[in-house]
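Subject: Handover of a structure

Dear colleague,

Please find below the structure that I am handing over to you.

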Amino acid sequence: MIKQKIDNIEFKLREFQDFSWLNNYGKVFSVIDETGSGCISFGIEDNNKKYFFKIAGAKTIEAEVSQEESIKLLKEAVIKYKDIKHPNLIKYVKSFDYNDLFVVIYEYAQGECLFDHWNFEKYKKTKEITPSMRFKQLPIEKRLNVVYKLFSFFETFIDAGYIAVDFYDSSIIYDFKTDNVTFCDIDLFRKMPAKNDLGENYFGTKRLKAP
């Protein structure tokens, strides 16, 4: 494992990868480098506009798939963002190949992930309340508002011919200041009809998967 920095933001990889080209798009202010998808993601700000760059092809430390499979899945995800349109789905901007990487750009969604596993150690050390716990303490009306939007989103992607795969609270971003909710990470959604062709290790968190 090696540690790298860009704009004083530190991230970890199994092997060095040059990300200096990201500065052509603005200043990096955040990173997510511990995902099973094999992707690494950066928050980038340019002229007060924020974007979310999701990149496949680097050798990340928590990848559960090969670099080739990570790129394939992210390219397939682009099709889903073009097919599924909902006001609470994160906004797709564009995608492109960069050397041996594949890059997808979204508008940045302000808020906190309701299952941000990459921060679990921080919560243990600081005893800080997690976004999930904060959400559960909200008035019932605010929580129900998220449920209604979630149902609306499900109706939308079902009408588009998809079923949800690997969609759980890590795919929900909640802004505690504005009460806005954003759904994201629909990369593994499948066209209907669909069946489990992966066995017991199909994508998803073990605490929610059927036996």
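Two strands are counted as paired if DSSP finds at least two bridges between them. Please bear in mind throughout that this is a predicted model.

**The three-stranded sheet**

On that basis, three strands form an open sheet in the order β8-β10-β11, and their pairing is antiparallel. Its edge strands are β8 (112-113) and β11, each of which pairs on one side only. Three bridges connect β10 and β11, again in the antiparallel sense. Within this pairing, tyrosine 174 has valine 181 in β11 as its bridge partner. Helix α4 lies across β10 and β11, and runs at about 30 degrees to β11.

**The nonpolar cores**

The largest nonpolar core comprises 34 residues, and those with the most contacts inside it are Ile84, Phe153, Tyr174 and Phe189. The elements giving two or more residues to this core are β5 (49-56), α1 (67-83), β7 (101-107), α4 (140-159), β10 (172-174) and β11 (181-183). Of these, α1 gives the most, with five residues. A second, separate core has 19 residues, including Val28, Ile40, Phe96 and Ile105.

Which residues does isoleucine 84 contact, leaving aside its neighbours within four places in sequence? They are Leu89, Phe153, Thr156, Phe157, Ala160, Tyr162, Ile186 and Phe189.

**The hairpin of β1 and β2**

Strand β1 (residues 2-6) runs antiparallel to β2, and five bridges join the two. Glutamine 4 is placed opposite phenylalanine 11 in β2. The hairpin has two residues between its strands, and aspartate 7 takes a positive phi near 50 degrees there.

In a regular strand, side chains alternate between the two faces of the sheet.

**The salt bridges**

Side chains of opposite charge can pair when their charged atoms come close.

Glutamate 34 and lysine 12 form one of them, with their closest N and O atoms 3.3 Å apart. Because glutamate 34 lies in the loop between β3 (27-32) and β4 (39-46) and lysine 12 in strand β2 (residues 9-13), this pair ties together parts that are 22 residues apart in sequence. Lys12, Asp33 and Glu34 are linked in a network of salt bridges.

Lysine 54 forms a salt bridge with aspartate 185, and the closest N and O atoms are 3.3 Å apart. This pair links distant parts of the chain, 131 residues apart: lysine 54 is in strand β5, and aspartate 185 is in the loop between β11 and β12 (190-191). Aspartate 185 counts as partly exposed, at 27% relative accessibility.

Lysine 75 and aspartate 97 form a further salt bridge, with the closest N and O atoms 3.3 Å apart. Lysine 75 lies in helix α1 and aspartate 97 in strand β6 (residues 92-98), so the pair ties together parts that are 22 residues apart in sequence. Lysine 75 is partly exposed, with a relative accessible area of 37%, and aspartate 97 is also partly exposed, at 48%.

With kind regards

Note on methods: Residues are numbered from 1 along each chain as its sequence is written. This is a predicted model: local features need pLDDT of at least 70, side-chain atom pairs count only at pLDDT 80 or more; totals for chains, interfaces and linings use all residues. Side-chain values use heavy atoms; hydrogens and water are left out. A nonpolar core is a set of buried Ala, Val, Leu, Ile, Met, Phe, Trp, Tyr and Cys residues joined through side-chain atoms within 4.5 Å. Buried means under 20% relative accessible area, exposed over 50%, partly exposed in between (1.4 Å probe, protein chains only). Helices (H or I, at least four residues) and strands (E, at least two) are DSSP runs, numbered from the N terminus. Contact means heavy atoms within 4.5 Å. Axes are lines fitted to C-alpha atoms, for helices over the stretch in contact, and angles run from 0 to 180 degrees between N-to-C directions. A salt bridge is a side-chain nitrogen of Lys or Arg within 4 Å of a carboxyl oxygen of Asp or Glu.
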